[in-house]
Amino acid sequence: MEQVFAPWRIEWVERDDDGDGCPFCELPERNADRESRIVARSEHAFCLLNNAPYNPGHAMVIPYRHTGSYPDLDDEALLDHSRLVQRTLAAIDDGLDSDGANTGMNLGDSAGGSIDDHLHTHVVPRWQGDTNFMPVVSDTKVIVEAIDDTYDHLHDAFAAQDGVRDPGPDEAIVIE
């Protein structure tokens with residue numbers, strides 16, 4: 001078994017998680033955006049940093065409505081979700097100086113997502129040469145930045161966008 005030392009993950013392991021429900025429904029209700037890794041909120045969706053990132057800055061844009069079916073989103077929620085994906089891509093580019101990004105959804109149990117009953121769009125920053133010998137030879141991915149630092153970079157980048165309100169460093173940027 002390969003091991004990568006990641007001491008910042010202990011906060012997630014030891015979190016007070018007494019809920020058996022959907023984490024994508026519970027996290028926005030906690031009123032602890034930084035702790036929950038929610039970096040931005042719009043009317044119908046929110047941007048959450050992935051706790052098991054493929055790369056630094058791996059985020060998910062998640063509608064507040066609990067559904068695993070993309071066609072279930074009404075036009076207003078669908079447009080808001082898509083616009084938050086756009087803003088997330090811009091924040092990743094501005095805050096992390098990425099060279100590109102992968103975006104996508106795992107819809108349905110057979111698609112391989114770990115949470116299949118609440119749809120979400122993954123936004124994964126990419127850099128030239130971000131794949132090296134580690135995943136190829138040892139099946140191990142190295143994440144080079146602590147998630148708290150990534151949160152700060154993306155929070156600042158969202159805050160610099162037009163049409164937003166910054167309620168402070170521990171709360172998500174509000175897209176108005």
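Two strands pair if DSSP finds at least two bridges between them. Helices (H or I, at least four residues) and strands (E, at least two) are themselves DSSP runs, numbered from the N terminus. Keep in mind that this is a predicted model, in which local features need pLDDT of at least 70, side-chain atom pairs count only at pLDDT 80 or more, and totals for chains, interfaces and linings use all residues. Residues are numbered from 1 along each chain as its sequence is written, and side-chain values use heavy atoms, with hydrogens and water left out.

Start with β2 and β3, which run antiparallel and are joined by five bridges. Here Cys47 stands opposite Val61 in β3. Towards β1, the pairing with β2 is antiparallel as well, over three bridges, and Ala40 has Cys47 as its bridge partner in β2. A hairpin of three residues links β1 to β2.

Now step back to the whole sheet. It is open, with seven strands in the order β4-β5-β3-β2-β1-β7-β6 and mixed pairing. Because β4 (100-104) and β6 (164-165) stand at the edges with a single partner strand each, one side of each is left without a neighbour in the sheet. The partner of β4 is β5 (residues 121-126), paired in the antiparallel sense over five bridges; Gly104, for example, has His122 in β5 as its bridge partner.

With contact meaning heavy atoms within 4.5 Å, α6 touches β1, β2, β6 and β7, and its direction makes about 20° with that of β1. Axes here are lines fitted to C-alpha atoms, for helices over the stretch in contact, and angles run from 0 to 180 degrees between N-to-C directions.

How are the residues of β2 placed? Ala45, Cys47 and Leu49 point one way and Phe46 and Leu48 the other, and all are buried (under 20% relative accessible area, with exposed over 50% and partly exposed in between, using a 1.4 Å probe and protein chains only).

A nonpolar core is a set of buried Ala, Val, Leu, Ile, Met, Phe, Trp, Tyr and Cys residues joined through side-chain atoms within 4.5 Å. The largest one has 21 residues, of which Val39, Ala40, Cys47, Leu84, Leu154 and Phe158 touch the most other members. Elements giving two or more residues to this core include α4 (75-96) and α6 (147-159). Apart from it lies another core of 10 residues, Phe46 and Ile62 among them.
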